[in-house]
Amino acid sequence: MTVLLPFVINAGFNFALGLLIALFLGPAAFGLYAIAAATVILINTAGLDWIKLSAVRFYSEQARTSQPGTRATLDLIFAGAALALCTLPILAYATGLDLGLPPALLAAAIFAGVGAGWFEYHGAIARSRFLDRVYARLILVRSVVVLLFMVGGAWATRDPVVVVLGGLLGTIVSVLSVRGPLSDGPLAPRLFRRDLARDFLRYGLPLVAGNAVYSLIPLINRGWLADAQGLAEAGYFSLASDIGLRLFGTLGATIEIVALRHVLNLGEKEGRQVALAQVSRNIVVVLAVVLPAAAGLWVVLPAFEALLVPPEFRGRFAAHFSLLLPGFAALAIFQAALYPVFLLDKRTLVTTLAALLGLAINLAVVFTLSATFGRFAASLAQSAAFLAVLLLTAVLVLRALPCLPSLKDLAAIVAATGLMAALLWPLQGRFVAPLELLLQGALGVAIYGGLILACDVAGWRGLLLRRLRRHG
């Protein structure tokens, strides 16, 4: 619970963050900020994410005591990679390279990308050592400070550069708040191990290549929209994309952060087949959470937009969000249900190939449908890309599992989701937005939850009854 609570709170802060920044910046400035934000993600993913992933896979409390070279090697690699990335603004300025962003905003995005990698690296160290309270502090401090700095900067200056730098400052404060308990001492070059560094590269780089492609897809779509339709249209698309990716990314990560640790522990202690059997059960849990979340958001979207989206973005936000929603759900399912299998088997090259397939489909849809669908081609392309990734990886994972997920449970989840959406749909436009959103949310939870318990999906009804008897 300690490790899940900060994710839930962080989801709320991230949700508010995007909406408030958009409110104060406006569509055009938000479009420019969104391209910079996508650059932050790309810098972090392409340059530093492999170190975080290696920490999750190879570092633990046991490794900390028996193999001190593991942490020393990770720390030194991170320091070198971060220093190299920080030279990129200087190289871009010296060579006159035009990357489509003002120089100050590009530099801020690169530095913020390094800061994001520093934050995620420390989060991985805390997770690997099962320091759940420290991890919770890291997440919560960053959520609060980033919200204050970024939203305050947007309100005070209306300048995307200040907003991006606010995110960097919040990240620095959050990491400094946990440096004590997460530190293994100063950098120790004498403990650096080249063999471990090679292992980290072999393991992490294929994953980084895949993740970099995933982060490149929204950046390409935002850049294309800015060139073809203007910065304001890129802003409309970006707000919908950011809100969806934050919500479903957090949803997927909240499940994955517990499920991945459990699967990897089972693989280490009880063997691959036991771990894969757990993955099969996890798939049911993930679908039982993600599918109703996606259907519920689609049904409540009119009230959601009227109540929470800044006035300048309304209309276009809902249109883009509706088309992007299947892709959001696909990405969350892949992250929480399927991704652990490739980490368990260390077959990380597969995720790169899947990402390249998604990128190819994204480009094909953008350029073939842009004449027909105009500004909405980017939303269609992004969803098509993520759905293709889900389809390919699902086929590979299901073939590897020793047993398939329960078809009875899957059918119950689909039926309950469909019935919930059908019953809530007639409520659209019947009440003022706050009442409508509250009513649809409460009824949706009651309808779906009741049906899932009635069908005893994943044995949850029996589990609930046992807990009630124990506490009764």
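Reader: How many cavities of 30 Å³ or more does a search of the whole structure find, and what makes a space a cavity?

Author: In this predicted model, the search finds two cavities of 30 Å³ or more. On a 1 Å grid over the protein atoms alone, a cavity is a set of points where a 1.4 Å probe fits but cannot get out, and its lining residues have an atom within 4 Å of a point; the volume is the space filled by probe spheres set on the points, which are joined across faces, edges and corners. The second largest cavity has a volume of about 40 Å³, and its lining includes Asn10, Phe13, Arg142 and Ser143. The elements giving two or more residues to this lining are α1 (5–25) and α7 (132–157), helices being DSSP runs of H or I with at least four residues, numbered from the N terminus.

Reader: What makes Arg142 a charge over the ring of Phe119?

Author: A charge sits over a ring if NZ of Lys or CZ of Arg is within 6 Å of the ring centre and within 35 degrees of the ring normal. Arg142 lies over the face of Phe119 at 4.7 Å from the ring centre.

Reader: Why is the pair of Phe304 and Phe317 called stacked?

Author: Rings of Phe, Tyr and Trp (its six-membered ring) pair if their centres lie within 6.5 Å, and planes under 30 degrees apart count as stacked, over 60 as edge-to-face and the rest as tilted. The centres of Phe304 and Phe317 are 6.2 Å apart and their planes are at 20 degrees, so the pair is stacked. Phe304 and Phe317 also belong to a cluster linked by ring pairs, together with Phe15, Phe248, Phe321 and Phe328.

Reader: Is Tyr203 buried or exposed, and how do you know?

Author: Buried means under 20% relative accessible area, exposed over 50% and partly exposed in between (1.4 Å probe, protein chains only). Tyr203 has a relative accessible area of 6%, so Tyr203 is buried, whereas Phe58, with 25%, is partly exposed.

Reader: How do you know that the span of α2 agrees with its number of residues?

Author: The expected span is 1.5 Å times one less than the number of residues, so the 32 residues of α2 should span 46 Å, and its end C-alpha atoms, 43 Å apart, agree with this.

Reader: Which rules apply to the numbering and the atoms?

Author: Residues are numbered from 1 along each chain as its sequence is written, and side-chain values use heavy atoms, leaving out hydrogens and water. Local features need pLDDT of at least 70 and side-chain atom pairs count only at pLDDT 80 or more, while totals for chains, interfaces and linings use all residues.

Key: On a 1 Å grid over the protein atoms alone, a cavity is a set of points where a 1.4 Å probe fits but cannot get out, and a pocket is an open set with protein on both sides within 12 Å along at least five of seven lines; lining residues have an atom within 4 Å of a point.
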